[in-house]
Amino acid sequence: MPLREHLRELRRRTVLIALGLMVGAVAGWLLYEPVFDLLQQPILDAADRRGPRVSLNFLGVATAFDVQVKLSLFLGVLFSAPWWMYQLWAFITPGLTSKERRYAVGFLAAGVPLFFAGAGLAWWAVPNAVHLFIDFAPDSTTNFVDAQLYLGFVMRVVLAFGLGFLLPVVMVALNFAGVVRARTWLAAWRWAVLVAFVFAAIATPTPDVVTMLAVAIPICLLFFAALGVCLLHDRGIDRRLVAQGLPRLDGTMADDGAERTTDTAPGAG
């Protein structure tokens, strides 16, 4: 496709994503009250422990309206996750082969539940963080929590976890597209584990190790599961290339059980 066609396709997909977000936001607006009650539950639990000195407050005249709009947009992102993920894949699809396009269905089927699993794990970790921060306030003080700041904190954590859990899908997608080999992911496994634990420590600022491990271990398991899929995919491609008498992806050839190196490495296609 020429550059102009790519830009038109990008504009089209962007408009479709925006329409999906608007539909999701309308649904979020209708569900605002029950969702708001759910999100403020950690504050209510803290109030039960510390008394009326803890409460969620709207500090400005228009703050309640601003909060409802932001929360509706946030719910729109969650509700329309399958739609905007599909549109992103549809934008990439014209640059893929017919076989690689079929993989998009599997990526979408894996990405949607992983996104919601990450969001659910974030919501499990949020109450611990809220309790920790509120407990820093001395007993003789009153903690009036700004509703806008609090909901902004919760929404950022949930989206960060959801997007973080999409890492395996991105890994497999890059591998299947021939951009990154499994060997590259394997060489970086130590950095991946380190980043997972640093992310868990930042996203779950609680003093207990159990919460951090509950976040970091699933991310590490997802990384290694994606790595296993990439290794199997590369092995299958190498076997087909060898059967055709062509060099493997790493540039080696099998000849009567021995390997010799060639200067040319064909692509995954």
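# Notebook: W84 and other sites

I began with W84, which lies in helix α5 (residues 81–92). In these notes, helices (H or I, at least four residues) and strands (E, at least two) are DSSP runs, numbered from the N terminus. The model is predicted, so I note that local features need pLDDT of at least 70 and side-chain atom pairs count only at pLDDT 80 or more, while totals for chains, interfaces and linings use all residues. Residues are numbered from 1 along each chain as its sequence is written, and side-chain values use heavy atoms, with hydrogens and water left out.

**Entry on W84.** I then listed what W84 is in contact with (heavy atoms within 4.5 Å). Leaving aside neighbours within four places in sequence, W84 is in contact with I17, L21, V77, F115 and L163. The side chain of W84 also reaches the backbone oxygen of V77 at 3.0 Å. I recorded G20 as well: W84 and G20 are 64 residues apart in sequence, yet their C-alpha atoms are 7.2 Å apart in space.

**Entry on F115 and F116.** The structure holds seven aromatic pairs. F115 and F116 form an edge-to-face pair, at 5.6 Å centre to centre and 80° between the planes. For this term, rings of Phe, Tyr and Trp (its six-membered ring) pair if their centres lie within 6.5 Å; planes under 30 degrees apart count as stacked, over 60 as edge-to-face and the rest as tilted. F115 is buried, with a relative accessible area of 0%, whereas F116 is partly exposed at 37%. I also found that ring pairs link Y32, F36 and F58 into a cluster.

**Entry on T63.** I located T63 in helix α4 (residues 63–79). T63 counts as buried because its relative accessibility is 9%. Not counting residues up to four places away in sequence, T63 touches F58 and Q148.

**Entry on E9.** E9 belongs to helix α1 (residues 3–30) and is buried, at 15% relative accessible area. Which side chain does the side chain of E9 meet in a polar contact? I found that of R13, at 2.8 Å. A polar contact is a pair of N or O atoms within 3.5 Å; within protein, one must be able to donate a hydrogen and the other to accept it, and residues adjacent in sequence count only if both atoms are side-chain atoms.

**Entry on the strands.** The bridge partner of L56 in β2 is V145.

The buried residues I noted in helix α3 (residues 41–50) are P42, I43, A46, A47 and R50. These residues lie on the same side of α3, because they cover an arc of only 145° around the axis; the arc is that of the directions from the helix axis to the C-beta atoms. In helix α8 (residues 167–176), seven of the ten residues are buried, so α8 is largely enclosed by the rest of the structure. Among them are M171 and F176. Just after α8, G178 takes a positive phi of about 80°.

Key. Buried means under 20% relative accessible area, exposed over 50%, partly exposed in between (1.4 Å probe, protein chains only). Two strands pair if DSSP finds at least two bridges between them.
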